[in-house]
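Thanks for making time this morning. Please have the sequence and the model open on your screens while I talk.

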Amino acid sequence: MSLTGKSWKFGDNISTDHIAPGRLFHLRSNLPELAKHVLEDADPNFASSMSPGDIVVGGSNFGLGSSREHAPTIIKLSGVSAVLAKSFARIFFRNAINVGLPALICDTDLINQGDTLEIDLSLGIIKNITTGIDITFVPLPDVMITILNDGGLASHIAKHGDFKLSI
Amino acid sequence: MGKTLVEKIISAHADKDVSAGEIVIAKVDICITQDGTGPLAIKQLQKIGLEKASNPERTILFIDHSAPSSRKELSNDHMALREFAKKTGAILSDVGEGVCHQITAEKYINPGDIIIGADSHTCTGGALGAFATGMGSTDVAIGIALGRTWLRVPETFKIAVTGDFPKGVYAKDLMLHLIGLIGADGATYKSLEFCGPTIDKMPMHDRLTLANMAVEAGAKCGLFSSDAITKDYLEKMGRGDKWVSLEPDNNADYDRVIEIDVTKLEPMISHPHTVDNTKTIKESLGIKVHQVFIGTCTNGRLEDLRIAAQILKNKQRHPATRLIVTPASKQVFLDAVREGLIETFIEAGAAINTPGCGACVGVHQGILGDGENCLATQNRNFEGRMGNVKGNIFLSSPATAAAAAIKGEISDPRDLM
């Protein structure tokens with residue numbers, strides 16, 4: 001599967017409060033509305049300016065903080081096709097895969113704001129079309145590939161009636 | 001090769017011997033959600049037609065993040081949680097009961113258990129010798145329905161602690177120091193295993209503070225052996241019969257060993273906007289504080305309130321500094337009332353809130369104004385955490401927080417002891 005989009009650069013330690021802040025707690029059961037504010041406290045222009053397919057590119061420890069699955073869910077709902085970072089906080093990483101949002105670990109210093117990226121999930125390569133550089137990403141564990149391919153954990157369980165992971 | 005605590009607990013739940021790095025399907029003993037994550041968990045189960053709890057008496061839905069409700073939308077979310085509990089037999093912990101992590105420690109967690117919770121500070125339960133970790137709504141939803149989850153067995157950092165705490169220095173200061181040392185992602189995906197002579201005699205309330213903040217270093221869990229102190233705590237909570245001894249093997253394999261001598265520590269402050277931005281009290285003196293918040297799953301226990309009350313006794317809060325006190329649970333509140341601690345706080349000018357998460361989550365009960373500084377005993381100081389991206393959050397022990405309430409600025413609590 002290949003994903004193409006423009007990059008939106010963010011710094012290190014983008015927290016779940018940046019992505020889905022507590023002050024919007026009351027919108028958690030209205031995800032389309034919450035998605036209009038995605039990443040608002042890190043970049044107030046992001047939600048209104050991004051286009052479907054675009055790619056969020058963070059630094060290290062992306063998604064630190066709360067377990068709120070609403071964070072990756074509204075990133076996905078807003079139309080973002082993948083999140084790239086040098087590293088992810090573990091709960092966010094797991095949640096992203098569970099909601100069907102590819103979260104990939106790579107050297108994001110090789111990506112600038114606005115670069116056009118093409119991600120080949122099966123080959124494990126991100127082509128930076130703007131700079132011509134190929135960036136490899138750390139392969140996801142098999143269990144996460146299975147969950148991602150099934151469209152997330154809920155769909156995985158709905159499909160198989162139980163965990164069906166190659167363990 | 002011997003086993004770490006986390007390897008032992010996961011092995012016992014996966015029906016095979018496992019080591020760090022392995023991925024397993026493990027049986028889950030306790031599942032918890034709160035009012036910010038439970039509604040989504042329920043929706044996920046409804047969506048896939050699995051609206052059931054495989055172990056209802058060990059499935060607890062907490063209402064603590066906005067309790068009492070601050071918005072009609074959240075009142076409706078609370079209704080959905082009550083409805084699910086009624087339908088499945090799961091336990092509902094309603095408005096006024098307190099923070100999920102304090103109550104799970106008081107009432108539910110036993111040594112050797114696996115607890116998954118849709119709240120990142122579920123790791124608090126590691127203080128009781130249980131593998132307790134935070135996950136998202138869907139993971140916990142599936143745990144509720146099937147009684148199992150998939151886990152990667154984490155590698156372990158051994159945190160070996162020696163020495164006696166000097167006056168005015170507490171477990172919170174130790175944890176802020178540790179996180180400053182290794183960084184907010186210094187232990188990502190690891191298990192932190194606390195040990196050493198200082199830990200062996202550390203009371204349960206302090207162990208809960210350390211385990212609570214394991215996630216602030218990126219860790220998956222913060223674990224303690226189950227020992228005489230664990231046994232004592234369980235007996236006090238009326239379930240001494242659930243105690244089992246649990247300790248790591250002498251020849252267990254550790255990724256890293258970090259040694260800390262607490263005799264050299266000072267009161268610590270995390271400065272905005274990451275927990276690892278730590279400085280000593282000396283480097284932080286004189287910063288104006290508009291709001292002091294004492295409470296949360298990190299430091300809202302009876303012993304924390306005692307320390308703060310001792311400093312605030314017969315004193316007044318600074319006229320330019322608000323003081324908010326939120327006991328972590330109903331039991332803590334009741335004990336604090338009976339001991340006269342609440343009277344001390346009220347006389348000192350404090351506002352007392354219903355047991356729960358209170359101001360920590362940025363939903364209600366203490367949202368900061370633009371440019372305001374808050375010194376809080378909570379675990380997190382991210383931008384926007386307390387409801388306003390233009391607010392600044394500093395973190396400290398209850399003693400340092402109480403001192404700031406009196407002085408109106410960050411002050412050395414040892415000068416008031």
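Predicted model: local features only at pLDDT ≥ 70, side-chain atom pairs only at ≥ 80, totals over all residues.

Residues are numbered from 1 along each chain as its sequence is written, while chains are lettered from A and ligands numbered from 1 in the order in which they are written.

Let me begin with the two chains. In this model 38 residues of chain A are in contact with 46 residues of chain B, where contact requires that the C-beta atoms of two residues, placed from the backbone, lie within 7 Å. On the side of chain A that touches chain B, helix 1 (16–19), helix 5 (90–98) and helix 7 (153–160) of chain A each supply at least two residues, and helix 5 of chain A gives the most, with five residues.

Turning to chain B, it is divided into domain 1 (5–260) and domain 2 (269–416), with bounds that come from an automatic or database domain assignment. The C-alpha centres of domain 1 and domain 2 of chain B lie 24 Å apart, and the contact takes 33 residues from domain 1 and 31 residues from domain 2. On the domain 1 side, helix 4, helix 6 (171–182) and helix 8 (204–212) of chain B each supply at least two residues, helix 6 of chain B giving the most, with six residues.

Which strands make up the open sheet in chain B, and in what order? There are four, in the order 10-9-8-11 with parallel pairing, and two strands pair if DSSP finds at least two bridges between them. The edge strands, each pairing on one side only, are strand 10 (221–223) and strand 11 (256–261) of chain B. Strand 8 (residues 156–162) of chain B is joined to strand 11 of chain B by six bridges, the two running parallel, and within this pair B:V161 has B:I260 as its bridge partner. Helix 1 (residues 5–14) of chain B lies across strand 8, strand 9 (191–195) and strand 10 of chain B, running at about 105° to strand 10; axes are lines fitted to C-alpha atoms, for helices over the stretch in contact, and angles run from 0 to 180 degrees between N-to-C directions.

Helix 1 of chain B is also mostly covered, since eight of its 10 residues are buried, among them B:L5, B:I9 and B:H13. A residue counts as buried if 20 or more other C-beta atoms, placed from the backbone, lie within 10 Å of its own, as exposed if 12 or fewer do, and as partly exposed in between. Helix 1 of chain B is followed by B:D15, whose phi is positive, near 55°. In helix 4 (residues 100–108) of chain B, eight of the nine residues are buried, so this helix is largely enclosed by the rest of the structure.

Why is strand 14 (residues 291–295) of chain B described as largely enclosed? The reason is that five of its five residues are buried, with B:Q291, B:F293 and B:G295 on one side and B:V292 and B:I294 on the other. Five bridges join strand 14 of chain B to strand 15 (residues 322–326) of chain B in parallel, and three parallel bridges pair strand 14 with strand 17 (residues 373–376) of chain B, where B:V292 stands opposite B:L375.

Finally, B:L416 lies in the segment after helix 14 (398–407) of chain B, and with 16 C-beta neighbours inside 10 Å it counts as partly exposed. Leaving aside neighbours within four places in sequence, B:L416 is in contact with B:I311, B:A403 and B:I406.
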